[in-house]
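Here's a quick briefing to read with the model open beside you.

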Amino acid sequence: MNISIDHESCIGCGRCVEICPAVFHLNESLGKSEVMDQDVCDFVGCCEAAEENCPVGAIKVKD
Ligand code: SF4
């Protein structure tokens with residue numbers, strides 16, 4: 001899977017981190033979410049949920 005976060009759109013709400021902490025991390029100084037480990041996405045099964053629940057549609061998950 002490939003995950004991307006549009007940092008222009010991300011408002012740093014932290015929702016993706018709550019939903020999928022193994023993959024997403026909030027960069028406090030930037031106020032933006034970052035992807036820690038793309039490969040973990042294939043195992044944890046929460047990346048799509050993070051994509052669906054991002055309030056600004058900043059997360060894109062591709063197979
Ligand atoms: S849920 Fe979306 S807007 Fe919120 S921190 Fe994650 S990527 Fe940014």
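Helices (H or I, at least four residues) and strands (E, at least two) are DSSP runs, numbered from the N terminus. This is a predicted model, so local features need pLDDT of at least 70 and side-chain atom pairs count only at pLDDT 80 or more, while totals for chains, interfaces and linings use all residues. Residues are numbered from 1 along each chain as its sequence is written.

**Overall fold**

- The protein has three helices and four strands, and from the N terminus on they run β-α-β-β-α-α-β.
- The radius of gyration is 10 Å, close to the 11 Å from the globule rule for 63 residues, so the protein is as compact as a globular protein of that length. (The radius is taken over C-alpha atoms, and the rule is 2.2 Å times the number of residues to the power 0.38.)
- Along its principal axes, the C-alpha trace spans about 30 × 20 × 15 Å.
- Of the contacts with a separation of 6 or more, 56% link residues 24 or more positions apart. (A contact means that two C-beta atoms, placed from the backbone, lie within 7 Å.)

**Core and burial**

- Buried residues make up 19% of the 63. (Buried means 20 or more other C-beta atoms within 10 Å of the residue's own, exposed means 12 or fewer, and partly exposed is in between, with C-beta atoms placed from the backbone.)
- The largest nonpolar core has 10 residues, among them Ile-3, Cys-16, Phe-24, Cys-41 and Cys-54. (Such a core is a set of buried Ala, Val, Leu, Ile, Met, Phe, Trp, Tyr and Cys residues joined through C-beta atoms within 7 Å.)
- Cys-16 is in contact with Phe-24, Ser-33, Ala-50, Cys-54 and Ile-59, leaving aside neighbours within four places in sequence.
- Cys-41 sits in helix α2 (residues 41-44), and it counts as buried because it has 21 C-beta neighbours inside 10 Å.
- With neighbours within four places left aside, Cys-41 is in contact with Met-1, Ile-3, Val-23 and Cys-47; its C-alpha is 6.6 Å from that of Val-23, 18 residues apart in sequence.

- Strands β2 (residues 24-27) and β3 (residues 32-35) pair in the antiparallel sense over four bridges. (Pairing takes at least two bridges found by DSSP.)
- Asn-27 has Lys-32 in β3 as its bridge partner.
- Four residues lie between the two strands of the hairpin, and Gly-31 in the turn has a positive phi of about 70°.
- Leu-26 belongs to strand β2 and counts as partly exposed because it has 19 C-beta neighbours inside 10 Å.
- Not counting residues up to four places away, Leu-26 touches Gly-12, Gly-14, Val-17 and Ser-33.

**Around the ligand**

- The ligand is surrounded by 14 residues, and the closest are Cys-10, Cys-13, Cys-16, Ser-33 and Cys-54.

**Pro-55 in its loop**

- Pro-55 lies in the loop between α3 (47-53) and β4 (59-62).
- Pro-55 counts as exposed because it has 11 C-beta neighbours inside 10 Å.
- Pro-55 touches Cys-13 and Arg-15, not counting residues up to four places away in sequence.

Notes: A residue is near a molecule or strand if its C-beta atom, placed from the backbone, lies within 6 Å of it.
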